[in-house]
Every structure is written in structure tokens, then in C-alpha cells.
Amino acid sequence: MYNNLSDFIFKISLIVFFIIAIMLFLKTNENIDGLLDLVERSYINNEVITVKESEEDYLIYKGYEVISKIISGLQYDIEIENVLVRVNDDFKDIDLSIIDDDKLYVLELEIDNTGSIIKEIYKGK
């Protein structure tokens, strides 16, 4: 009797796991299809995709962190409060007084169709 009961429980658990796997596949498939449609439309229309995530701690910077990023050297062009700072600009020529040391800035990334970052945009919070 123990073998019959353990076989029954094993088969039921396999069926439950299989149903859960199918449900997860169908749910993620819908999300992936939506993302692929978005990327396809933006590629066809030659649009720039702006990545916006929820305001997590890693997307929020203090002003002094932005200043130190400029001084240490930029990887991408950045825009701070609608002022563009290019990668080639020397930090000595940049007016850093536009950045408040204690103010919080939210980072948004501007990305092109190939997935490369065009510039970082810092907006005061």
C-alpha cells in the first residue's frame, strides 16, 4: 500500500509542476512578445528608446557624486538640468555650479536602436 500511495503522490506532484511550468511559460511569452513588438516598432520608425525604471536607490545620485563623475572622466555625454556636458569637454571648462552638492538627481539613460547608451540624463528630484 505504501508503494501505491507514494506513486500516486509522485504522479500528482509531476502533474502540478507541469501545469505550473506551462502557466509560467505562457505568462512570460506574453511579456516577451510585447517587448519584441516595442523594439520592432521603434526600429522601423527609427525612434530612440528611453529606458525609464522605477526610482530605485541605484538610480538616484547626490550632486557631489555627479560632480565626481564629471571630474573623473565621462564615458557618455551627460545632461544635467538641461545643460549638456560632452565626453570631450575638459572638466575645468565646465561650470559645475549648476550642480547642487546636496540635491538628489535621478538618472535616466537615453539608448539608441542598437542598445548603445547615447547619454545619461540627470534630473533634479
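1. Tyr61 sits opposite Tyr105, the latter in β5. That pair belongs with the antiparallel pairing of β2 and β5, which runs over 3 bridges. Bear in mind that this is a predicted model.

2. On to the other partner of β5. Here β5 and β6 run antiparallel and are joined by 7 bridges. If you want a residue pair to click on, take Val106, which stands opposite Lys123 in β6.

3. The hairpin of β5 and β6 has 5 residues between the strands. Have a look at Gly115 there: its phi is positive, near 95°.

4. How much of β5 is buried? Of its 8 residues, 6 are buried, so the strand is largely enclosed by the rest of the structure.

5. Now for helix α2, which spans residues 63–72: its buried residues are Gly63, Val66, Ile67 and Ile70. They all end up on the same side of α2 because they cover an arc of only 100° around the axis.

6. What do the buried residues of α2 pack against? Four strands come up: β2 (60–62), β3 (77–80), β5 (104–111) and β6 (117–124). So β5 turns up again in this note, as a strand that packs against those α2 residues and as one that is largely enclosed, since 6 of its 8 residues are buried.

Definitions and conventions: Residues numbered from 1 in each chain as written. Predicted model: local features only at pLDDT ≥ 70, side-chain atom pairs only at ≥ 80, totals over all residues. Heavy atoms only, no water. Buried < 20%, exposed > 50% of the residue type's maximum accessible area, 1.4 Å probe, protein only. Helix = DSSP H or I, 4+ residues; strand = E, 2+ residues; numbered from the N terminus. Arc of directions from axis to C-beta. Contact = heavy atoms within 4.5 Å. Pairing = 2+ DSSP bridges.
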